[in-house]
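Please read the following briefing beside the sequence and the model.

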Amino acid sequence: MEAKTIAMSLDSNRSLIFPTYPRSSFVPTSRFSRLPLKRACIDVDGFRGSALTRWNPIVSNRRRLVPVRATNSEGSPGLEKVKEYEEWDSWTAKFSGGANIPFLMLQLPQIILNAQNLLAGNDTALSAVPWLGMLTGLLGNLSLLSYFAKKREKEAAIVQTLGVISTHVVLSQLTVAGAMPMPFFVATSAVVTLGIILNALFYFGKLSTTLWRLWEDFITVGGLSVLPQVMWSTFVPLVPNSILPGTTAFVIAVAAVFMARTGKLPEEGVKFVESLSGWTATLMFMWMPVSQMWTNFLSPDNIKGLSPITMLLSMMGNGLMLPRALFIRDLMWFTGSIWATLFYGYGNILCLYMSNCTSKSFFAASTIGLISWIGLALWRDSAAHGHNSPFRSLKELVFGS
């Protein structure tokens, strides 16, 4: 009896074939070598190939998808595109994971210096480290950790986890030196411990949906409360020192979360509220270069205290995550990464160069390296997705496919 084949299209480059056979055409014994075979055709971008398919009645009593490989005497450009896509997928994940190195190197010198000052009894030296700014960065890392854990982006989640842990180590040193109030550190430690445990449980599928939503609501309210306060505090003393921005944002955030969870918002409104934690964390990091440049503007002499190597490491860490954010079409991730790369890392390198605080060769190497890396990311992404222009990738990133 003739077998039939049914084709299922996965995307523009790949297809799957699964065969269907009448039950009577199978031998109901363990002699699998006699299972019927039929050559099935596969179409990949207009090129046809063939493959043998087999239905195993012991494995399943229903039809099952059988992946097949297309072959062609002249080669298959369609499969080459699939291979290029998968290779770039793998490389972007490795680049994202590799961002751990420069980001970790950013904190290690500070941790070592703090330890040396503590051992030497020079506790006052740690007062130069702003614990409030470190705390803001830690909350941003924690929010982004939840965002990437939800998206199953393992490498990016690890980057944020290391950011949380390294920043918490610095805060513990500041607390020992008396630069950070103990009650704030205890509360921060409790939130950090709880956050890491909940994110790990959620990533491995061991956490209930109810608990995860409660955690998401918590970081949403926290992020929305902290962001306006940090932005306001940047311009003190030009503006009055007040907690009104943070308090107002806290009330609005609680109301928004309550309405979303009680069904008082439309579906679009609920999705918007759910995305706020990730965006507020991104905006926190995006505000860091604004704050730094504002400080440079008010006190140009302070720029001499910036380290060109530190700015280069920041540019490299954020730049390494650009290809992955572009590849998976994550606008929020890409926005935060490109902003930090250009305005925090490279922007401060430019300020250092204009203030004669770094060499011309260092500035030129940083500029050429940055332009080359962004160009490579756009070119490889467009090639992996089968586009003729890198602007098509950017269009899909912003507006969708």
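In this predicted model, Trp279, Leu283, Leu331, Val398 and Phe399 make a nonpolar surface patch of about 470 Å². Patch members have over 30% relative accessible area and no salt bridge, and nonpolar side chains (Val, Leu, Ile, Met, Phe, Trp, Tyr) are joined within 5 Å. A salt bridge is a side-chain nitrogen of Lys or Arg within 4 Å of a carboxyl oxygen of Asp or Glu, and areas come from the Shrake-Rupley method with a 1.4 Å probe.

**Patch**
- Helix 8 (267-298) and helix 13 (390-399) each give two or more residues to the nonpolar patch, helices being DSSP runs of H or I with at least four residues, numbered from the N terminus.
- Leucine 331 lies in helix 11 (residues 331-354) and counts as partly exposed because its relative accessibility is 31%, where buried means under 20%, exposed over 50% and partly exposed in between.

**Helix 7**
- Pro245, Gly246, Ala249, Ala253, Ala256, Val257 and Ala260 are buried in helix 7.
- Seen down the axis, the buried residues of helix 7 fall within an arc of 95 degrees, so they line one face; the arc is that of the directions from the axis to the C-beta atoms.
- The face turned away from that buried side carries the exposed residues Leu244, Val251 and Phe258.

**Annotation**
- An unreviewed UniProt entry places "transmembrane region" at several spans, including residues 272-290; such annotations may be inferred rather than shown by experiment.
- Residues 272-290 are 100% helix and 0% strand.

**Basis**
- Residues are numbered from 1 along each chain as its sequence is written.
- Local features need pLDDT of at least 70, side-chain atom pairs count only at pLDDT 80 or more, and totals for chains, interfaces and linings use all residues, while side-chain values use heavy atoms, without hydrogens and water.

Notes. Patches are made of residues with over 30% relative accessible area and no salt bridge: like charges are joined within 9 Å, nonpolar side chains (Val, Leu, Ile, Met, Phe, Trp, Tyr) within 5 Å. Buried means under 20% relative accessible area, exposed over 50%, partly exposed in between (1.4 Å probe, protein chains only).
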